[in-house]
Amino acid sequence: MNGSPLIRLLDVSKVYHLESGDFTALNHISLDIMEGEFVALMGPSGSGKSTMMNQLGILDVPTTGTVSIAGKNIASMTLLERTHMRRDVIGYIFQKFYLIPLLSAYENVEYPLILKYKTRDTTGRAAAVLKSVGFDQEMSAHRPNQLSGGQQQRVAIARALVNDPKILLCDEPTGNLDRKTGFQIMDILTGLHKEGKTVILVTHDPKIAEYAHRTIQLEDGRVTAS
Amino acid sequence: MKDIFFDLSIRSVKLNFLRSLLASIGIVIGVVAISSMGMLGTNMQLMVKDQLTTGINIITVTSDVVRAEPGQSVSTNTGITEIQLRDIRDAAGINDVIPIDRTSTQFSIGSDDGRGTIYGLDPDDARTILNVSEGSTIRGESDAIVGATIASRFGVKIGTRIKIGEPNISVNRPVVRVAGILPTAGLSSSNGINTDNAIIVSDTWYTGEFGGGNTYDQVNVYLKDVTTLSAVEDAIDKKVNRNKEIVRISDSSSRITSVSSTLSSLTTFILAIGSISLLVAATSIFNVMMMSVSERVQEIGILLSIGTETGEVRRMFLYEAFILGVIGAVIGGIMSVIIGYSVVSAMIGNTAYFFLPESIVYIPAGMIIGMIVCIVSGLYPAWKASNMDPIDALRSE
């Protein structure tokens, strides 16, 4: 761990202009997350968790304030630079897995490698990562709709890991899984944290939040506990 | 390198196979319409042009009208001289040059008298430009070939004798023997002389009877390639008419120019009708591409959020449009051959021109236009897909 934070939010606000008036989803939030942390982001629905994740995931820019990730100010980057940063620095794990339905399990994992290197993977990296999350080799050729939820989430984790990102953003990763499978997935994430990944986890479930070392509570767009 | 975006597009087309096929059918119809309409027009043009061209590949050279200066007598020698003939031959190059003597006179067949044109032709030349329907060409000194009208009016048969000349002048009129009879030529004579009411004799016999051994009344140049018409005319003009009009050079090309310009506007018109179907095809491709985009909003969201460049998403959808275009164009191309051939043979009744480059070129042209239409129709949907907000796209169900 080095001194400067991996993620720094400085007085970040996000305001949505709706027909019914302005809605402040994030309200002057300042926050540092150091490299190697395991953070849980909790809060009731509407508290700004998703908006926060969009900021952390470089999918959006703040209305005011600055978000810096790996020392770079997101708002001053071009769209293409943000795209490349999403590809190289962040691994996304979603509640609904969001695998690409037209691609096989293996191809889903290979996909970010192709995005990065513009060529098919010949190094065996995709297969190795799939194996590391305990995914059956023989299932690799299956399409997502032929896999169980737990299997899909393993594939999704493998996809998130394949470009070796610094940050894993997990949005309710166990939300669509039964408890047992959910804990298996959490064990994988814990292992990845031990390997040095910065894990940021959004959850409703206090049991799941217990895996994290630090919990950030959000309410009405403000941090109430950190 | 195998492009994963191309793979994705192929899979998307396969997944929605029926829909993709239906959209492609639009392109198929468009391609078939454009190519068969184009081929129909072109075949018609080629055929009519060919029909008209029989006869227009002939340049007729006659001596120009002579206007005498006051006090000067008009030369009796108004024909084309041997020297001029040689110049014409030089200028005409590879093309056949045939000098012709002609006069109008009376003749008698049995007890019937008639009047017609007597042509004097070299027997070799006669063989070149005349095709008898009966009998043979000129072989002997006093052999003659008669035109169809004379043959039928006077009941001429092979071997019939014809007395040539005014009946009351000399008692012993020269006699020719009919060796061959020509078919009816009508106006569109393909040999540059009006043979229906003519008697064609050998040049030696002609000059023996009518004189004028050193001059010819007319010289016909038979072009091997009709497109060289004006070039050859210019060459003759330059060579023979050095600084004043000595010979008159004429042809009937103005006829074909006007007819072929009419036909080409007709072709353009039916091509325009064919293009309407491509417009319909474009709409259906556009529709299918929009459906593909809106069905895959979430997938687009995933692609964008995990770091796919907008250009790559755009490429994926353009590939999809391209694949639809290729399917439509290939099927359309194959069907154009079959349907185009049937249409041409049914409407023109002649498929001799079908496989000529200027006709068959409509098939690749139609295919390319079909593909271009497809890609153009895919531009907006692809642009729309690549410019989605990943957050909104992910959230959509």
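1. Two residues are taken to be in contact if their C-beta atoms, placed from the backbone, lie within 7 Å. On that basis the contact between the chains takes 19 residues from chain A and 17 residues from chain B. Helices and strands are DSSP runs numbered from the N terminus, a helix (H or I) having at least four residues and a strand (E) at least two. The elements that give two or more residues to the side of chain A that touches chain B are α2 (79-89) and α3 (105-117) of chain A. The largest share, 5 residues, comes from α2(A). By class, that side of chain A has 11 nonpolar, 4 polar and 4 charged residues. Here Ala, Val, Leu, Ile, Met, Phe, Trp, Tyr, Cys and Pro count as nonpolar, Asp, Glu, Lys and Arg as charged, and the others, Gly among them, as polar.

2. This is a predicted model, in which local features need pLDDT of at least 70 and side-chain atom pairs count only at pLDDT 80 or more, while totals for chains, interfaces and linings use all residues. Residues are numbered from 1 along each chain as its sequence is written, and chains are lettered from A and ligands numbered from 1 in the order in which they are written.

3. Overall form of chain A. The chain has 7 helices and 10 strands. With 226 residues, a compact globule would have a radius of gyration near 17 Å, and the 17 Å of chain A agrees with this. The radius is taken over C-alpha atoms, and the globule rule is 2.2 Å times the number of residues to the power 0.38. Along its principal axes the C-alpha trace of chain A spans about 50 × 40 × 40 Å. Buried residues make up 46% of the 226 residues. A residue is buried if 20 or more other C-beta atoms (placed from the backbone) lie within 10 Å of its own, exposed if 12 or fewer do, and partly exposed in between. Of the contacts in chain A with a separation of 6 or more, 71% are between residues 24 or more positions apart.

4. The sheet in chain A. Six strands form an open sheet in the order β6-β7-β8-β3-β9-β10 (chain A), with mixed pairing; two strands pair if DSSP finds at least two bridges between them. The edge strands, each pairing on one side only, are β6 (90-93) and β10 (222-225) of chain A. From one strand to the next the twist averages 25 degrees. β6(A) pairs with β7(A) (residues 167-171) in the parallel sense over 4 bridges, and A:Ile167 in β7(A) is the bridge partner of A:Ile90. Helix α6 (residues 179-194) of chain A packs on the sheet, touching β3 (38-42), β7 and β8 (198-202) of chain A, and its direction makes about 150 degrees with that of β8(A). Axes are lines fitted to C-alpha atoms, for helices over the stretch in contact, and angles run from 0 to 180 degrees between N-to-C directions.

5. The hairpin in chain A. Strand β1 (residues 7-18) of chain A runs antiparallel to strand β2 (residues 21-33) of chain A, and 9 bridges join them. The hairpin passes from β1(A) to β2(A) through 2 residues. A:His17 stands opposite A:Asp22 in β2(A).

6. Helix α1 of chain A. This helix (residues 49-56) is largely enclosed by the rest of the structure, because 7 of its 8 residues are buried. The buried residues are A:Lys49, A:Thr51, A:Met52, A:Met53, A:Asn54, A:Gln55 and A:Leu56. Just after α1(A), A:Ile58 takes a positive phi of about 55 degrees.

7. Overall form of chain B. The chain has 13 helices and 12 strands. A compact globule of 397 residues would have a radius of gyration near 21 Å, but chain B has 35 Å. Its C-alpha atoms fill a box of roughly 115 × 50 × 35 Å along the principal axes. The domain assignment, which is automatic or from a database, gives domain 1 (4-52 + 257-395) and domain 2 (58-251) of chain B. The C-alpha centres of these two domains lie 58 Å apart. Of the 397 residues, 40% count as buried.

8. One residue in chain B. B:Met371 lies in helix α12 (residues 362-386) of chain B. Why does B:Met371 count as buried? Because 21 other C-beta atoms lie within 10 Å of B:Met371. Not counting residues up to four places away in sequence, B:Met371 touches B:Gly325, B:Val326 and B:Ala329. B:Met371 and B:Asn241 are 130 residues apart in sequence and 56 Å apart in space, C-alpha to C-alpha.
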